[in-house]
Amino acid sequence: MKKVLPFNKSQIEKIIKDYPTPFHIYDEEGLKATARNLYKSFSWVPQFKNFFAAKTNPNPYLIKILKEEGMGIDCSSLTELILAERIGFKGEEIMFSSNETPAKEYKKAKELGAIINLDDISHIEYLEKNVGLPDLICFRYNPGPKRTGNRFIGDPKEAKFGLTHRQLFEAYKICKKKGIKRFGLHTMIVSNEINQDAHIQTAGMLFDLVVELSKKFSIHFEFINMGGGWGIPYKPTDIPIDVEFVSRQIKKLYEEKIIKNNLAPLRVVMENGRFISGPHGYLVTTALHKKEIYKDYIGVDSCMANLMRPGMYGAYHHITVLGKENATKNKTYDVVGSLCENNDKFAIDRKLPKIIPGDILVIHDTGGHGYSMGFNYNGKLRSAELLLKENGEVIKIRRAENLDDYFATLDFTKI
Ligand SMILES: Cc1ncc(COP(=O)(O)O)c(C=O)c1O
């Protein structure tokens with residue numbers, strides 16, 4: 001898919017006068033268009049909802065935009081629950097899909113009336129003992145050897161998430177006995193998966209389980225939650241997911257498995273993060289140095305602390321050199337950050353136009369798992385986040401960290 005930018009060099013030069021690089025900038029128009037396309041495609045689903053995964057991009061301004069588009073929020077920690085509350089989410093607009101969860105987090109989720117999604121059978125007792133059981137319960141299924149997963153989450157039978165098939169049946173049986181009457185079923189077995197068949201298969205797998213579980217225990221399922229993990233075309237050669245096609249295939253399965261078995265209405269919900277916000281974020285950074293040793297390096301004013309994916313997963317992020325969009329890509333560079341780690345590289349052996357210090361580079365697709373995975377290693381400070389609004393205005397939606405933020409947790413008077 002051709003990589004295009006929602007801004008040009010002169011707009012960015014103007015922005016840099018107010019907000020020095022590096023910063024992440026998000027495109028409101030693109031974000032809304034992606035959200036609307038998803039909702040339009042799945043409009044056949046009774047009460048369709050995407051619970052945007054807060055961990056993907058926890059900026060309240062962006063999440064508020066998505067809330068206005070009809071989305072809920074998927075939280076994985078106490079902090080994210082409080083973020084959801086402060087943005088204005090209420091009750092079952094919040095999905096709490098957590099791992100190794102402490103009691104105080106379940107307590108907050110229950111207080112908020114969030115949908116609680118348990119990651120293990122032993123958490124039924126833990127929840128009951130510490131917090132009390134909610135009216136509605138959901139479990140995360142791990143299909144183990146029945147599915148293959150993908151490179152990012154790994155083989156399901158090696159993954160720490162969810163309940164086995166046997167445990168899943170046991171869990172609903174126990175919950176029914178304990179008087180719970182409202183049920184959901186969740187899974188998430190892939191991450192950044194652009195093979196759309198995987199997502200269609202996941203829906204089919206969950207529908208089959210709903211049929212089996214409903215019959216076996218005479219319980220009614222309110223929803224299946226397909227999880228997140230829909231991939232985006234990071235590379236220009238990647239083929240994006242055809243949402244309309246995926247929706248049509250899932251609808252066929254819904255008719256065959258759910259409607260025919262008299263199990264409708266069943267909601268189909270998701271927790272996509274990256275698919276929604278990923279393509280609409282850009283890390284803008286300036287080339288500071290050019291280094292020619294055994295290879296040619298371009299050193300920029302950001303680093304892995306601003307975008308960890310390339311260093312962590314060897315992930316590809318497209319790079320545009322502003323003003324040189326149409327120049328011949330006749331140079332091969334490693335584009336590197338300033339950490340003392342040799343994997344702090346945004347690109348390796350990348351064909352790019354000739355870059356000189358002062359050039360502005362735009363790293364694409366940083367709207368999901370970009371800023372949010374940031375850290376302070378090497379004393380690096382997190383950047384600002386900006387929003388390019390639909391009317392062309394640019395607003396600051398998070399300031400850059402400063403030295404006081406870094407030192408705020410330390411008490412130098414005791415040393
Ligand atoms: C349980 C759960 N839901 C949703 C997501 C969102 O994933 P993505 O942003 O890839 O859609 C994640 C990501 O790790 C997750 O763990």
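Reading the fold

Reply: Among contacts in the protein chain (C-beta atoms, placed from the backbone, within 7 Å) between residues at least 6 apart in sequence, 68% join residues at least 24 apart. This is a predicted model, where local features need pLDDT of at least 70, side-chain atom pairs count only at pLDDT 80 or more, and totals for chains, interfaces and linings use all residues. Residues are numbered from 1 along each chain as its sequence is written.

Me: Why does the radius of gyration of the protein chain agree with a compact globule?

Reply: The radius is taken over C-alpha atoms, and the globule rule is 2.2 Å times the number of residues to the power 0.38. For 415 residues the rule gives a value near 22 Å, and the protein chain has 23 Å, so the two agree. Along the principal axes, its C-alpha trace spans about 70 × 60 × 45 Å.

Me: How is the protein chain divided into domains?

Reply: Domain bounds come from an automatic or database domain assignment. In this chain, domain 1 covers 42–272 and domain 2 covers 279–407. Their contact takes 11 residues from domain 1 and 16 residues from domain 2. The C-alpha centres of the two domains lie 33 Å apart.

Definitions and conventions: Two residues are in contact if their C-beta atoms, placed from the backbone, lie within 7 Å.
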